[in-house]
Amino acid sequence: MAPTRKPLVAGNWKMNGSLADLGEIKTIAENAKRFADAASMLICPPFPLISEAVKVARQSPLEIGAQDCHPDEKGAHTGDVSAEMLVDLGVTTIIVGHSERRADHSETNQLVATKAAAAHRAGAIALICVGETEAERDAGHALAVVEEQVKHSLPGTVTALNTVIAYEPVWAIGTGRTPTPGDVAALHAGIRDTLRSKLGAESADSIRLVYGGSVKPANASELMAIPHVDGALIGGASLKAADFLAIAGVYD
Ligand code: PGA
């Protein structure tokens with residue numbers, strides 16, 4: 001029997017939002033019940049908003065996540081935040097290896113794997129991001145680059161329950177451009193194959209693979225219908241409750 005993968009509709013607020021924007025999370029939380037059977041819903045605000053966001057989402061199926069964590073549990077790491085601290089606040093999921101962190105903070109696959117292991121150690125789901133640059137795609141290397149990232153960004157602690165993989169082509173993030181459905185299908189199938197050889201078919205077939213990069217209400221139903229696309233990681237369109245809920249509406 002084919003495994004059932006409950007889709008994930010996840011919002012990544014990046015370095016956006018202030019206390020005044022918690023109303024958007026409140027609206028999403030109030031509406032989340034409608035989609036709760038069909039999809040998991042997650043918003044990852046910046047660190048300073050997490051505590052308040054957890055309060056706002058309490059009593060609703062909306063989960064609150066974080067955008068990064070340090071590999072260690074605690075210690076002399078000024079400015080860093082551990083996975084344990086985030087879970088202590090009520091975070092269920094931690095994004096690791098987003099391309100903006102790989103680019104801005106020189107994060108390697110190996111570091112991403114240690115951060116994902118830290119999320120697992122703390123009892124959180126690691127949402128591990130992979131994706132090729134435009135130059136890599138133009139050179140015909142998209143699949144090879146992404147397979148390499150999947151091979152080396154996943155720690156030995158990965159299970160189908162504690163990990164989600166996000167395929168986010170770097171050139172599609174924040175640009176309004178998306179790959180063709182055929183390209184998304186090919187990449188997601190390639191990631192699934194890589195997971196099968198790494199983890200075995202049973203585990204690999206149960207891991208959710210979400211697509212990210214310029215997902216909007218207007219293109220969500222086409223993208224979410226692609227085989228092996230088990231939801232979305234949404235940046236810009238997650239900042240407004242109406243847009244985020246319209247995207248989640250694909251699973252209504
Ligand atoms: P975008 O960002 O939806 O604004 O393109 C996606 C992401 O970076 O997760």
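**Figure 1. Residues surrounding the ligand.** In total, 13 residues surround the ligand, the closest being K14, H98, E168, G174 and S214; a residue is counted if one of its heavy atoms lies within 4 Å. The model is predicted: local features need pLDDT of at least 70 and side-chain atom pairs pLDDT 80 or more, while totals for chains, interfaces and linings use all residues. Residues are numbered from 1 along each chain as its sequence is written, and side-chain values use heavy atoms, without hydrogens and water. The shell comprises 4 nonpolar, 7 polar and 2 charged residues (Ala, Val, Leu, Ile, Met, Phe, Trp, Tyr, Cys and Pro are nonpolar, Asp, Glu, Lys and Arg charged, the others, Gly among them, polar).

Figure 2. For K14, a polar side-chain atom lies 2.7 Å from an oxygen atom of the ligand. Backbone atoms also take part: a polar one of G174 is 2.6 Å from a ligand oxygen, and a backbone N or O atom of G235 is 2.8 Å from a ligand oxygen. Of the 280 Å² of accessible area that the ligand has on its own, the protein covers 95% (Shrake-Rupley method, 1.4 Å probe).

Figure 3. N12 is part of strand β1, residues 8-12 (strands are DSSP runs of E, at least two residues). N12 counts as buried because its relative accessibility is 5%, the cut-off for buried being under 20% (1.4 Å probe, protein chains only). Its side chain reaches the backbone nitrogen of K14 at 3.0 Å. Beyond neighbours within four places in sequence, N12 is in contact with C44, Q67, I95, H98, L233, I234, G235 and S238 (heavy atoms within 4.5 Å).

Notes
A polar contact is a pair of N or O atoms within 3.5 Å; within protein, one must be able to donate a hydrogen and the other to accept it, and residues adjacent in sequence count only if both atoms are side-chain atoms. Helices (H or I, at least four residues) and strands (E, at least two) are DSSP runs, numbered from the N terminus. Buried means under 20% relative accessible area, exposed over 50%, partly exposed in between (1.4 Å probe, protein chains only).
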